[in-house]
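The stops below are in the order in which to select them.

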Amino acid sequence: MPLYEYHCKDCDNVFEMLVNFSESNKKVKCPECESENTEKLISGFASCGSDSGFSDAGCG
Ligand SMILES: [Zn+2]
């Protein structure tokens, strides 16, 4: 199962949760305040193609 990061807009908490693909579009509850006012964060650690203005030299 993929691990997703979520951000709670109510208490500004960021938490991780394992979510089935079929459930990935569902709202998840914040474990801190139990609000469903959360948003899924796009996780990713590849920095190639950033908007820093550099060329893509060294980006494979
Ligand atoms: Zn919260």
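Helices (H or I, at least four residues) and strands (E, at least two) are DSSP runs, numbered from the N terminus. By that rule the chain has 0 helices and 3 strands, and its elements run β-β-β from the N terminus on. The model is a predicted one, in which local features need pLDDT of at least 70 and side-chain atom pairs count only at pLDDT 80 or more, while totals for chains, interfaces and linings use all residues. Residues are numbered from 1 along each chain as its sequence is written, and side-chain values use heavy atoms, with hydrogens and water left out.

**Whole chain**

Show the surface first. The accessible surface of the chain is about 4900 Å², and 49% of it belongs to carbon and sulfur atoms; such areas come from the Shrake-Rupley method with a 1.4 Å probe, and for residues only the protein chains shown count as cover. Of the 60 residues, 20% count as buried. Buried means under 20% relative accessible area, exposed means over 50%, and partly exposed lies in between (1.4 Å probe, protein chains only).

**The strands**

Select residues 3-8 and 14-18. These are β1 and β2, which pair in the antiparallel sense over 5 bridges; strands count as paired if DSSP finds at least two bridges between them. The two form a hairpin with 5 residues between them.

Which residue in β3 is the bridge partner of Cys8? Select Thr38 to see that partner.

Next, pick Glu5 in β1. Its bridge partner in β2 is Glu16. Beyond four places in sequence, Glu5 touches Val14, Phe15, Glu16, Glu39, Lys40 and Leu41, where contact means heavy atoms within 4.5 Å. Draw a C-alpha to C-alpha distance from Glu5 to Glu39: the two are 34 residues apart in sequence and 8.6 Å apart in space. Glu5 is partly exposed because its relative accessible area is 28%.

Move to Leu18, in β2. With a relative accessible area of 51%, Leu18 is exposed. Residues up to four places away aside, Leu18 touches Met1, Pro2 and Leu3.

**The zinc site**

Which atoms are its protein donors? They are the SG atoms of Cys8, Cys11, Cys30 and Cys33, lying 2.2 to 2.3 Å from the ion. Donors here are N, O and S atoms within 2.8 Å of the metal (3.2 Å for Na, K and Ca); water is not among the atoms, so sites may look incomplete. Along the chain, the donors follow the spacing C-x2-C-x18-C-x2-C.

The 4 donor atoms subtend angles of 106 to 117 degrees at the zinc ion, so the arrangement is tetrahedral. Four donors count as tetrahedral if all angles lie between 85 and 135 degrees.

Is Cys8 buried or exposed? Cys8 counts as buried, because its relative accessibility is 0%. Cys11, at 35% relative accessibility, counts as partly exposed. Cys30 touches Cys8, Cys11, Asn13, Phe15, Ser35 and Thr38, leaving out residues up to four places away in sequence.

**The core**

Select Tyr4, Tyr6, Cys8, Phe15, Val19, Val28 and Cys30. These 7 residues make up the largest nonpolar core, and β1 gives the largest share of this core, 3 residues. A nonpolar core is a set of buried Ala, Val, Leu, Ile, Met, Phe, Trp, Tyr and Cys residues joined through side-chain atoms within 4.5 Å. Two zinc donors, Cys8 and Cys30, are among the core residues.

**Two loop residues**

Finish with two backbone angles. Asp12 sits in the loop between β1 and β2. Its phi is near 65 degrees, a positive value in a residue other than glycine. Asp12 is exposed, with a relative accessible area of 57%.

Then go to Glu34, in the loop between β2 and β3. Glu34 has a positive phi of about 60 degrees, although it is not a glycine. Its relative accessible area is 57%, so Glu34 is exposed.

How values were computed: Tetrahedral: all angles 85-135°; square planar, octahedral: opposite > 155°, others 65-115°.
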